[in-house]
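This report describes the pockets of one protein model and a pair of packed helices. The sequence and structure follow.

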Amino acid sequence: MDKLISIDLGHGITCIDSQHVRTGLASCYLIEQNGHAAFIDVGTNHTTPLLIELLKKKNIPLEKVDYVIPTHVHLDHAGGAGSLMQQLPKAKLIIHPRGARHMIDPSRLQAGATAVYGEEEFSKQYGSLVAIDEQRVQQANDGDIIDFQGRSLEFIHTPGHAKHHFCIVDKTSNGVFTGDTFGVVYPELTANEQPFIFPPTTPVDFDPGDWHASIDKIMATGCDRVYLAHFSMIQQLAPLADTLRQRISLFAELCQKHPNNAALHQVISDYCIDQVSANGSLLSKQEITEVLSLDLGILVQGLLVWLEKNQ
């Protein structure tokens with residue numbers, strides 16, 4: 001694991017690069033409030049030492065971490081939750097009701113991911129998932145609010161990317177921690193202050209209608225920034241929300257027109273390259289493809305799973 005990479009975003013919020021696979025791919029967040037801390041999204045087991053290092057750097061005792069809050073149980077967000085909780089004696093894990101059982105007993109998560117990646121690659125990327133004591137797990141229903149040292153954090157259920165996904169509304173920063181619901185924006189693909197945003201249509205829960213409703217729900221909070229898992233904070237949300245809605249619908253339409261893995265991969269890859277280039281990016285087609293290489297295959301897989309389920 002490389003050195004800690006973090007940035008202060010104001011309002012007591014720090015963005016940490018989880019360094020999952022590469023730098024600039026996945027974010028975790030630390031919120032500080034009255035000498036206490038909470039983590040939102042925690043990366044993998046390999047990220048845990050970085051999060052502990054940040055606490056030490058900020059002189060925050062381990063027992064002053066009140067909450068660990070994965071936005072959903074996909075392993076780039078929650079894979080390190082168990083190993084992190086082992087080091088935080090007072091922390092509660094807050095999770096969507098649909099995800100709680102996978103944090104208490106992660107064996108099915110690990111078996112499913114191992115079947116996809118193979119044992120060696122799974123171990124390399126994620127390590128071994130650690131179970132969390134059921135007594136330390138708190139389920140957050142839609143609309144629930146917790147008082148984090150006088151700071152209100154509201155949970156809103158946001159399916160579309162995953163049925164076990166929620167977002168966290170933080171009125172102190174006037175921001176929402178959106179996990180994957182408000183799409184992916186990689187800094188390398190931003191050109192002329194025009195971010196390239198796209199929906200990560202990961203298997204197996206992609207649902208265009210639900211996702212549109214979840215974007216509406218985020219926008220209805222009136223917040224002026226979102227904290228993305230991929231990657232960091234963005235503002236000027238209205239045009240990005242419109243573009244994200246359009247691309248959710250477009251990707252679903254392209255899947256229906258090209259219900260074949262190779263053909264769909266090619267057409268979505270070409271579309272993304274063209275859109276990034278149209279924003280004025282100076283990256284070559286090969287460089288754009290490299291930035292998106294980890295996303296395109298799984299994005300296409302999720303679309304085809306959705307199509308098969310709905311035929």
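The second largest pocket has a volume of about 320 Å³. Its lining comprises 15 residues, of which E193, Q194, P195, P239 and L240 lie nearest the centre. Two or more lining residues come from each of β15 (232–235) and α8 (237–257), and α8 gives the most, with 4 residues. A pocket here is an open set of points on a 1 Å grid over the protein atoms alone, where a 1.4 Å probe fits, with protein on both sides within 12 Å along at least five of seven lines; lining residues have an atom within 4 Å of a point.

The model is predicted: local features need pLDDT of at least 70 and side-chain atom pairs pLDDT 80 or more, while totals for chains, interfaces and linings use all residues. Residues are numbered from 1 along each chain as its sequence is written, and side-chain values use heavy atoms, without hydrogens and water.

The largest pocket holds about 1200 Å³ of space. Among its 38 lining residues, H74, Y117, T202, P203 and I298 lie nearest the centre. Helix α5 gives the most to this lining, with 6 residues. At least three lining residues come from each of domain 1 (6–244) and domain 2 (249–310), with bounds from an automatic or database domain assignment.

| Pocket | Volume | Lining residues nearest the centre |
|---|---|---|
| Largest | about 1200 Å³ | H74, Y117, T202, P203, I298 |

Residues Q110, A113, T114 and Y117 in α5 meet E119, E121, F122 and Y126 in α6, contact meaning heavy atoms within 4.5 Å.

Definitions and conventions:
Grid points are joined across faces, edges and corners, and a volume is the space filled by probe spheres set on the points.
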